[in-house]
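This report describes a selected sheet and the nonpolar cores of the model shown below.

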Amino acid sequence: MQICTACGTRALSASAPCARCGGLSVVTAPETSAGWIGIRATFTCRGCGHRAPLDHLDIDGSVDCPYCGLSQRFEAVLWRPVLAALHALADLGASAEGRHPHAQISIASSNPHWPPKTPLISVEERHKGEDGVNQVLRAEASLGHPTCPRGHGPLRIEGGRETLCSCSACDFRARYPKAPDFFSPLSAILSNEGRTDLAPAKTVQHEGILSLTCPSCGAPLPATEGSRIVECSFCHLVSRLPGDTGKGKARSMPAPQLWWLAFSGPSLRRKELEKGPERDARSLEEAPLRKDTDPVGQGLKWAPILLFPSIALLLTGLVCLALWRTGMLG
Ligand SMILES: [Zn+2]
Ligand SMILES: [Zn+2]
Ligand SMILES: [Zn+2]
Ligand SMILES: [Zn+2]
């Protein structure tokens, strides 16, 4: 699979600009056992009505709007159908039979993600909370592979109890915690908010003015719009802002960040396609063209097995008859 060197989003054509970032350079993504999905997600704030970024898998039941500062109810249940849709994309989006092909059943003719029409898909989920207010989660997702934030292409990813990412061209390293047990096919989450290796930014007071500096090189950190993560423009170290810095202080709504989810194993959508009525109708229509579902071919394969006991029975009968007659003559 070809991906954008800058943001890691799948590239359907090497000549067209990246659908996500407009980047023009593409690179081949490494083969991985899990399917990686890059997403940008938002929720609709019930305070200001704007679409606010959801830059990680927030399942604790509430979210904060970085623009108006309102802390509000956001139920984890909204994530489930979205994660199921992303798992389906991770499983089915890479080829006609997808990432986990069934030995006998082909889904090529009913695969909704093949051939891919666009690198990005949109998923939206609405849920009426107990208080009667609609909660809305929107995500724009693509297949791809996480890349170095400094533009060096695909990251090396090591799984295990934690997920470790590193770039072969620079000293970028990042560490992320194990994915929560919330959705079992989800094997890893890479989001800036979740990083466990970030040092806190230093707070410096100079002539009564509080400013933030890089914990590595001491350079002043740029002002952030609502984000709790900031990158030093000198040494590129990413640090975490202390406490509530940046919460509800943005002058404009910050854009959602790109973060990554890895999914393992066959998706529910695949299982539906494998046994769905759609497939049954199709496989009958296409029977003469497809070896794997050809009822005639299967019938022939089974025939000798069914025939064998009958022949064996007949032979036994004949031998018995012969023996009996020999006995009679003798
Ligand atoms: Zn891109
Ligand atoms: Zn708001
Ligand atoms: Zn790099
Ligand atoms: Zn620095």
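## Strand pairing

S166 stands opposite R173 in β11. This pair belongs to the antiparallel pairing of β10 (residues 163–166) with strand β11 (residues 173–176), which extends over four bridges. Strands here are DSSP runs of E with at least two residues, and helices are runs of H or I with at least four residues, both numbered from the N terminus; two strands pair if DSSP finds at least two bridges between them. Six residues separate β10 from β11 in the hairpin that they form.

S166 is the bridge partner of R156, and C165 in β10 stands opposite I157. β9 and β10 also form a hairpin, with four residues between them, and G160 in its turn has a positive phi of about 140°.

## Basis of the description

The model is predicted: local features need pLDDT of at least 70 and side-chain atom pairs count only at pLDDT 80 or more, whereas totals for chains, interfaces and linings use all residues. Residues are numbered from 1 along each chain as its sequence is written, and chains are lettered from A and ligands numbered from 1 in the order in which they are written.

## The three-stranded sheet

The strands make an open sheet in the order β9-β10-β11, with antiparallel pairing. β9 and β11 are at the edges and have a single partner strand each, so one side of each has no neighbour in the sheet.

In β10, T163 and C165 lie on the covered face, and L164 and S166 on the uncovered one.

## Nonpolar cores

A nonpolar core is a set of buried Ala, Val, Leu, Ile, Met, Phe, Trp, Tyr and Cys residues joined through C-beta atoms within 7 Å; buried means that 20 or more other C-beta atoms, placed from the backbone, lie within 10 Å of the residue's own. The largest core has 51 residues, and those with the most contacts inside it are I37, I39, V82, L86, L89 and L261. Elements that each supply at least two residues include β3 (35–44), α1 (79–92), β11 and β18 (259–263). The most comes from α1, with nine residues.

Not counting residues up to four places away in sequence, I37 touches L86, L89, A90, A141, L143, W260, L261 and F263, where contact means C-beta atoms, placed from the backbone, within 7 Å. Another core of six residues lies apart from the largest one, and A201, L212, C214 and V230 are among its members.

Technical notes. Buried ≥ 20, exposed ≤ 12 C-beta atoms within 10 Å, placed from the backbone. Contact = placed C-beta atoms within 7 Å.
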